[in-house]
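Student: I would like to learn how to read a model of this kind, feature by feature. Please give the general idea each time, then the case at hand.

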Amino acid sequence: MNTSKLKEQLPALLTQVLVVGAIIYVALQLFHNTQANLEARNIASGFGFLSVEGGLPINDSLLPYTPAASYGRAFAMGILNTLFVSALSIVLATVLGVIVGVARVSGNWLVSHLAAVYVEVLRNVPLLLTLFFCYSTLLAFLPSPRMSLVPFGDIFINNRGVYVPRPLFQDGMGWVILALVVAIAASVALVRVSRRMRDETGRGLHSGWMSLGLILGLPAAAYFLTGQPLEFDVPVLSGFNFKGGMVLRPEFSALLIGLVLYTAAFIGENVRSGIQSVDAGQLDAAKALGLSPGPIMRKVILPQTLRVCIPATTNDYTSLIKNSSLAVAIGYPDMVSIGGTIIGQNDQAIEIIGMWMAVYLTINLIVSLVMNWFNAKVQLVER
């Protein structure tokens with residue numbers, strides 16, 4: 001019996017062995033050819049160049065940076081910029097996508113058709129063109145620094161960027177941050193207790209307002225008790241530009257706007273399909289209980305759409321992170337832009353490309369793991 005099974009499986013096993021052998025052979029050939037080409041061009045392989053002074057100027061960096069820093073630190077600044085713009089874009093695209101998705105199924109003819117036009121236009125125009133349009137629009141319509149727009153306070157908008165006050169933490173600010181962390185933890189515990197009470201008795205606490213009071217009140221109390229340990233460096237016009245404060249440059253703003261508008265169109269369709277997948281009986285039952293349209297959407301329909309939306313939205317999040325590499329086209333110093341400059345200076349293309357692939361792979365795997373965990377939490381479980 002075992003002999004007959006082995007004979008049946010032998011062709012399949014031989015095929016697998018041949019395929020694996022062919023893959024190994026091709027990989028070895030590529031490795032040897034690459035080594036030979038590098039030696040012919042006198043290019044040393046390895047990652048030792050990362051510790052060499054880079055001399056790369058980076059206008060947008062979240063941490064202190066000077067051109068005298070090493071290539072490794074310059075690349076790390078690019079990774080931080082990629083993470084920052086991706087995280088912010090994911091949050092804003094999610095909010096806008098939910099709004100668009102709800103508008104798509106609105107009973108208002110104008111709202112639903114405007115949302116449909118937005119989705120069809122943004123989904124069918126290449127993202128690169130959207131970025132070019134956003135960037136050229138920002139530069140064309142914003143005034144010079146001397147004619148800056150002042151929406152309110154010490155915020156200035158011009159073609160050099162958006163200048164806002166920079167917060168400066170003083171002694172005692174750590175207590176304020178600690179109070180905020182404690183307030184958030186207490187709010188999470190409060191919501192869980194309220195949910196358990198509602199399941200057991202049918203009545204819960206006003207956890208939303210109580211949590212909001214904790215998150216705002218406790219840090220505010222710590223802020224005043226520690227002597228208001230927060231000051232601001234206000235931007236001031238000096239010559240032809242502003243000095244001080246923080247600046248969001250046009251390249252960052254154009255990239256952020258383009259990524260958000262483009263990805264929100266896809267997320268909006270996910271939300272629309274999720275809403276339409278909810279059984280009509282759920283809506284009828286909610287209306288029979290006397291709920292108004294707002295609570296019906298927030299408490300009945302949207303929670304059930306998550307089971308349909310999350311898998312597709314996970315793909316949109318990972319695509320957004322990869323699409324952020326188009327920042328190089330408009331001059332924002334993300335990981336790909338800085339890595340390309342490093343390649344141009346020392347020809348370490350293989351190492352930089354490998355680092356790009358490793359970073360994007362790591363980020364997207366983490367996002368996928370988190371979203372898969374969240375997806376498992378919202379799925380229906382048979383009792």
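Student: What percentage of the 383 residues in the chain is buried?

Tutor: Some ground rules come with the numbers. This is a predicted model, in which local features need pLDDT of at least 70 and side-chain atom pairs count only at pLDDT 80 or more, while totals for chains, interfaces and linings use all residues. Residues are numbered from 1 along each chain as its sequence is written, and side-chain values use heavy atoms, without hydrogens and water. Buried means under 20% relative accessible area, exposed over 50%, and partly exposed in between, with a 1.4 Å probe and protein chains only. Buried residues make up 33% of the chain.

Student: What is the accessible surface of the chain?

Tutor: Accessible areas come from the Shrake-Rupley method with a 1.4 Å probe. The chain has about 23,100 Å², and 67% of that belongs to carbon and sulfur atoms.

Student: What radius of gyration does the chain have, and what would a compact globule have?

Tutor: The radius is taken over C-alpha atoms, and the globule rule is 2.2 Å times the number of residues to the power 0.38. For 383 residues a compact globule would come near 21 Å, but the chain has 27 Å. Its C-alpha atoms fill a box of roughly 85 × 75 × 45 Å along the principal axes.

Student: How many helices and strands does the chain have?

Tutor: Both are DSSP runs, numbered from the N terminus: helices are H or I with at least four residues, strands are E with at least two. The chain has eleven helices and seven strands.

Student: Which strands form the open sheet, and in what order?

Tutor: Strands of a sheet pair through backbone hydrogen bonds, either parallel or antiparallel. Here two strands count as paired if DSSP finds at least two bridges between them. The open sheet has three strands in the order E1-E2-E7, with antiparallel pairing. Its edge strands, E1 (156–158) and E7 (246–248), each pair on one side only. E1 and E2 (residues 161–164) are joined over three bridges, and Phe156 has Tyr163 in E2 as its bridge partner.

Student: Where does UniProt place the transmembrane regions?

Tutor: UniProt positions follow the numbering used here, with shortened feature names, and annotations may be inferred rather than shown by experiment. The unreviewed entry includes 12–31 and 353–374 among its transmembrane regions. Residues 12–31 are 100% helix, with end C-alpha atoms 29 Å apart. Residues 353–374 are also 100% helix, with ends 32 Å apart.
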